[in-house]
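Please look over the chain below before reading my comments. They are set out as numbered points.

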Amino acid sequence: MKQVHRWLLLTLTLAALAPPPPLGAQGTASVTGRVVDSATAQPVSGARVMVAGVAGTALTDRDGRYLLQGLAAGPARMSVQRIGFAPAEANVTLIEGGTVTQDFALATAATLLSEVVVTGYGTTTREEISGAVSSVRGEDLANTPLAGIDAALQGRAAGVQVIQNAGNPGAGITVRIRGSASISASNQPLYVIDGVPLLRDEFSQLGLGGQDITGVTGLNPDEIENIDILKDAASAAIYGSRASNGVVMITTKRGRASPAQVHFGMYYGSQTVPSGNRWDLLTGSEYVEYMNEAAENDGYGAQYFGDPNDPNLVNTDWQSIMFRTAPVSNLNASVQGGSDRVQYFVSGSQFKQEGVVFGSGYDRQAARVNVDVNASARLRFKTSLSLSRESHQRVENDDTIDGVVTNAIAGTPNVPVRNSDGTFTSPADGLAYSNPLAIATYDQAESRSYRAFGNLEAAYQASSVLTLNARVGMDVLNLRDLRWLSPLVSGTYSANVFGESVIGNTTANRYVVEGFVDVKPRLSPAWVVGLTGGASVEWNGSELDYLDGIGFSSDQFQYPGNAATVTVYDGGWTGHNLVSFFTRANATWKDKYLFTGSLRADGSSRFGDNNRYGVFPAVSLGWQLTREPFMQGLARHGDVKLRASYGVTGNQDIADNFAPLARFSKANYGAAPGIGQRNFGNPDLRWEQTHELNVGFDLLLLNERFTILGDWYRKETQDLLLDRPISATSGQTTVLQNIGNMENKGFELQLGAVILKPSAKGLRWNADFNIAWNHNKVLKLFENQPIPVGGYDVGRIDVGHPLGAFYVLHFTGVDPATGDAIFEDVNNDGSINDDDRVYIGSPHPDYWGGFTNQFTWGRFDLRAFLQFVQGQEIFNAISVFANDGGYYYDNKFKRALQRWQQPGDVTDEPRASFDGTSGADLISSRYFEDGSYVRLQDVTLRYNLPASISNALRMKDASLYVSGRNLHTWTKYSGYSPDVNSAGSSTNTELSTEFYAYPSARSFMIGLSGAF
């Protein structure tokens, strides 16, 4: 803690240093005056007052007054500028030996630099930021048919990579800010809503393949005012041990002093899986012909699978059977208003989305109450409360070999859906796996949650420079899982045991208490200084119980309490606590030089006694280059700001809350109770720390008509927590230690332009573009030994390579003479085995981004959004069964029709082989595809109704709109969507893998919004 005190003292000292105000030079003429806000007549401090042709400038003091001396007598042109206001000019005549008075009244103006940004324990303006922060407006997220705000961020902010993983409603989303910073701890960002960190992990106990759900879906996007993403360490370090992956600051809408106004919005639409986006599979006759050839090639005789020309042969398109046109709808309403003393925002919403796959869906009901109370001139209260109910209707899918979509792809096409008596077909009727429609019809799985999220804040202005703040917050979640596996689904485990039922209950909670002070000392007109310091305590806990039973007398009794036998039962509690101390100092000198320094010390119960506290310092500098006298020529055309920052952040989000402790757990011997050692303790466990350097610039041209924001960064995560192998004679095989390093470095670019800036009724065209490059590399491991990861061990964690880089056999073609697959014999030993594997690609994209265009003409508004990802490889693991040469009974990809069939054939498809002797079933680069794509993600056409129609409907600002989402994807990938990872959102190492993913839907909607 001595180190903490030294850092705190240094930060506060640097921020408080201020030279005395400059003395005015002696001259022949002077000009003085006052600058005020034209709307309120209040003084405007910090405004720059200039005289054309004169190098010196003056800054207005806290009363808005300025003085310029030493000027040449005669006519002069004066100008004044202040961020957040439109510039003003005036002609004056300077009198020799005298002082002229010239006042200015500035009109407010919305500009990028005046944009308010939430930075954690405070706010600032874009002008004063010297770190890397991206912002997304709430209006850009509204009216999107998505369950969570994380999905809506895709392509909206430079450096923020969002992966949908799968298309099922309410699915867990992967979010990476500037790459992956950890191997074993979480790589998801910290979400903070109105100052309170959100529980964003998965709490479901159901194992439904790779499909997971997270805690981010409970927030209604229509309640969001703004999202600020703290990307570099200097911006995020105020959150210390939880900031290595970036921080997403979410600000919800609040009331205002105005008469009550009711806002409402609604939309309804339909979703489909377009036929052109589906897997191209063999028909019934093609399948029989192919499998016959595979069998005949290996000596099983002709027509082993039947006659492909049989007129009674069926052709079942299982994908068409399992997919449906599904509705999606949303209804939300809010009341906003208040007085000078009390302001309020109250909202409610209902979102419902049926899945395009039978048996799946998601719905959410949410309500919010935000109230601000000015109890006195010095005391203010703010409270926020959000209540939500979510229901996930789930189906087994993704990363599983027996699921609904899985079996729709793998299902043999020469078997009908139903038998002649109306019952579902099954493996007994020739299916390779259980009937997917039977699974969707009879099996059920629901994850239902109730959640309360809120806070209460108080701010007391003890003096004009000192404000005392206190906040208490909570996030309480109850999740109930209920799954029924029906005995009516033939060919499954549940059919053999007369049904299976699973129920799980999880209660998770987070409570936060914080206190901090804001100090804004008045040093001189040239200096603007702000100090923040405080402390925080956080308690986290979760409790669960689980019950699994088999043997039911009827399909109507679906709870484990009706089971004949309980096979699995479990229950327990886990938790962790965090105590923190933090400080931050901001200083601006002459509106040109910016400084921010922060320090946070966190103590976590998750780490050992020897390293319980971590210290996370950060500093950033900014230089408003165009405010220098020598840059006045450029200043007439725009603003240039240079930024640089360095900071340290941490990651305490490890899966085991008690990793430092040596523990024992249940180890019964039959009916006799017992315990056994679970793990070795390690009191030396310490934080994963990420050190990040960021250099950037902000360029605003032609009165902010064109904006360019760029950042280069390098961040290195040190002391990665990994399981180190140890001798099994110890009773354990691994021990958790800090033994690795990893690097991310890249560049981000964000462009904005008002391409057409018309008169009142002309065409206006705004465009926003962002792009990011990130290169990930593992720097250090235990004895630098590579670690195999991913399905079928196709990925590798290896020093000098990206995390999870693909490492498999290199397929070079097909032997025209034999039809066998040819692989590179790397070690030239004459045989093909694991020793011949090579790195063939990366699961990480080279670059990604988004491009938004908005056109406004008269009452029409058209917005189009393109999203793109380039340079990643996808492991198409379905190929293991669908591009295997006929080794498995699964249906095959259509490309199998291009197979080798006779000597001399030149093709990339090996010969069919029922015994797998052609090499087609070996996992190699042949199973990998280019995952690059460009997607027309969203197009919305809005018509703002004329006042006459709105008034007749007793409405204000009413508008109608039509919208389409996921309209078209340009890609070489052959599956539903290249935006995929079947391992779900929680994985760090099994990346960019397709294994029977739920398809992404195309949506069309019509909506109405307005106010009363």
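1. Basis. This is a predicted model, in which local features need pLDDT of at least 70, side-chain atom pairs count only at pLDDT 80 or more, and totals for chains, interfaces and linings use all residues. Residues are numbered from 1 along each chain as its sequence is written, and side-chain values use heavy atoms, with hydrogens and water left out.

2. Overall form. The chain has 11 helices and 50 strands, taken as DSSP runs numbered from the N terminus (helices H or I, at least four residues; strands E, at least two). Its radius of gyration, over C-alpha atoms, is 32 Å.

3. Burial. Of the 1012 residues, 55% are buried, meaning under 20% relative accessible area with a 1.4 Å probe, protein chains only.

4. Sheet. An open sheet of mixed pairing has five strands in the order β11-β16-β17-β14-β15. Its edge strands, β11 (133–137) and β15 (196–197), each pair on one side only; pairing requires at least two DSSP bridges between two strands. Strands β14 (residues 190–193) and β17 (residues 247–252) run parallel over four bridges, and Tyr191 has Val248 in β17 as its bridge partner.

5. Helix α4. Because 10 of its 14 residues are buried, α4 is largely enclosed by the rest of the structure. Among the buried residues are Tyr287, Tyr290 and Met291. Gly299, with a positive phi near 85°, follows α4.

Key
Buried < 20%, exposed > 50% of the residue type's maximum accessible area, 1.4 Å probe, protein only. Rg over C-alpha atoms; globule rule 2.2 N^0.38 Å.
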